[in-house]
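Reader: I am new to this structure and would like to learn how to read its features one at a time. Please take the general idea and then the case at hand.

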Amino acid sequence: MIIIGEKINATLNAVKTIILNRDTKSLLDLTQKQAAAGADYIDVNVGTGVGSREDEIQSIIWAVESIQGQITTPLCIDSADPKVIATGLEILNGKPSMINSAKAEKHNLETVVPLVAEHDSFLVALAMDEDGIANTVDGRLRSCEKILDACETYGVAIENVFIDPLVMPISTDINSGLVTLETISAIKKSFPGAKTVTGLSNVSYGLPRRSRLNIAFLHMCIFAGLDAAIVDPLDEELMAAVKTGEVLAGRDRHCRRYMRAFRK
Amino acid sequence: MSTSELLEKIAFNVIQGRVEAEDDGFDPGLEGRPAVTELVTEALDQNIDPKKILMQSLTESMETVGDKFEKNEYLIPDMLASAECVGVAMDLLAPHLIMAGVKSKGKFVIATVKGDLHDIGKNILAIMLKGAGYDVVDLGTDVSMDRILNAVKEHEATFLGLSALLTTTMREMEDVIQQLKAKGLRDNVKVFIGGAPTSNDFAVQIGADAYCKDAFQALDILKEIKRSP
């Protein structure tokens, strides 16, 4: 399982403050802790919702310049604005990277997918289109098709694409979890080579004891074929659940990683 | 069963969130007992005034649900289960209310603004408004300004509810209000706004009539308006 550390996200109040104050020390601290906890990528989202597009561009320049060179863990540039993504990738200048995200909207794909090709990056693509998030597996697969068609057009290998089947709260629709799980299986079956990624904690929104549900859901997603997860790597219970899920699903040869983590 | 007993039972089951007899409720052990569908059908068979069913069994019980939600005793699924009961009951009652000549309290156009797909709160409000006797025109999510303006005009709406969950989309509300003014529609319609990033200050700033923390507050504000028009 590829772990994408989610903690540098401007929608979290503490992180918003770090970004607005240009607090490089705290930013690096948050980065290093996640890398040490086993993150394979560090997600960087600096969209504070304060100020203009230009402010977000200045913030991504600051964040990427501050982090790069300090750790070897690659960054995942996270923004709804392709211009912000392009800026982040230019600074990385060919270093390994991931883009978060594109969606199956014509204009969005035409802007973001070429960036993936140009920078030989990886792409997180959301299974949604102009009409929003479909509540059926078929609807979400249609979005996946549009995304993968665009990737082919611009010469992005299917293996570099991580599709997010998207997770909606079960508290408002009891079938939400099932649709995500079935979409993961369907993506793996319909688009061989394509990878899957998801944030998963949205599933438990509005319910008590969320971490219990998140862990159970992670296990089910692993069984369905999930390749990567956008999570808090400092959450020890969840990181342990990655190991228990993978070993049970036959994705940990001779139980090596499980034993390394839990052997006495 | 007497009329008052029946009305009370319907209210109890709305609060329990039980649509049909087989449904589980908030409390354990209710499965198999008649629920909202069966009880409302029985009440209509007994020719109980549909307006009484609406006011005493639905509107009042949803107020109780609102209180429980405010106190964190009820969570989102509890509230949605109750709202579903109101929706089902209203479908059964609607033809009878029309026959009885019960007038709607007003037309309420409701939408999640352009660029935004979040609709949990909006959907709850839509059901609650129906249960409170309003005529609801729900335009859905990611609704363009033109569609909102056209709906307000076409339906001669008394109220307009705008929802947004993103800091990037909440600005759209201000544009809608400006356009209502430009088209001369602003004076005929009261504009309610809601959604996580919005606030009372924001409502004042963009010239909305009211900010609603949640669906229940929207209903409270409507009651205030009725009292002091």
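Author: Start with the sheet of chain A: eight strands form a closed barrel in the order S1-S2-S3-S4-S5-S6-S7-S8, with parallel pairing. Neighbouring strands of this sheet are turned on average by 30° against each other, direction ignored. Helices (H or I, at least four residues) and strands (E, at least two) are DSSP runs, numbered from the N terminus. Two strands pair if DSSP finds at least two bridges between them. Angles run from 0 to 180 degrees between N-to-C directions, and axes are lines fitted to C-alpha atoms, for helices over the stretch in contact.

Reader: What should I know about the model and its numbering?

Author: This is a predicted model, in which local features need pLDDT of at least 70 and side-chain atom pairs count only at pLDDT 80 or more, while totals for chains, interfaces and linings use all residues. Residues are numbered from 1 along each chain as its sequence is written, and chains are lettered from A and ligands numbered from 1 in the order in which they are written.

Reader: Over how many bridges do strand S1 and strand S2 of chain A pair?

Author: Strand S1 (residues 2-9) and strand S2 (residues 41-45) of chain A pair in the parallel sense over four bridges. Within this pair, Gly5(A) has Ile42(A) in S2(A) as its bridge partner.

Reader: Which strands does helix H4 of chain A touch?

Author: A contact between two residues means that their C-beta atoms, placed from the backbone, lie within 7 Å. Helix H4 (residues 82-92) of chain A packs on the sheet and touches strand S3 (75-78) and strand S4 (97-104) of chain A. The direction of H4(A) makes about 155° with that of S3(A).

Reader: Where in chain A is Ser101(A), and what kind of peptide bond joins Asn100(A) to Ser101(A)?

Author: Most residues other than glycine have a negative phi, and most peptide bonds are trans. Here a cis peptide bond joins Asn100(A) and Ser101(A), with omega about 15°. Ser101(A) belongs to strand S4 of chain A. As for phi, Leu200(A) is not a glycine, yet has a positive value of about 55°. Leu200(A) sits in the loop between strand S7 (195-198) and helix H8 (210-224) of chain A.

Reader: How do I read the packing of two helices, such as H6(A) and H7(A)?

Author: Take the angle and the distance between the axes. Helix H6 (residues 137-153) and helix H7 (residues 176-190) of chain A pack at about 45°, their axes 9 Å apart. H6(A) and H7(A) are therefore oblique to each other; angles under 35 degrees count as roughly parallel, over 145 as roughly antiparallel, 65 to 115 as roughly perpendicular and the rest as oblique. Their crossing is right-handed. A crossing is left-handed if the near helix is turned anticlockwise from the far one by less than a right angle, and right-handed if clockwise.

Reader: Which residues of H6(A) meet H7(A)?

Author: Val137(A), Arg140(A), Leu141(A) and Cys144(A) in H6(A) meet residues of H7(A) including Val179(A), Glu182(A) and Ile187(A).

Reader: What angle do H3(B) and H4(B) make?

Author: Helix H3 (residues 50-70) of chain B and H4(B) pack at about 165°, with axes 11 Å apart. H3(B) and H4(B) are therefore roughly antiparallel to each other. The crossing of H3(B) and H4(B) is left-handed.

Reader: What is the strand order in the sheet of chain B?

Author: The open sheet of five strands in chain B has the order S2-S1-S3-S4-S5, with parallel pairing. Its edge strands, each pairing on one side only, are strand S2 (135-138) and strand S5 (210-212) of chain B.

Reader: How many residues of each chain take part in the contact between the chains?

Author: Ten residues come from chain B and seven residues from chain A. Helix H4 (residues 76-99) of chain B gives three residues, the largest share of the side of chain B that touches chain A.
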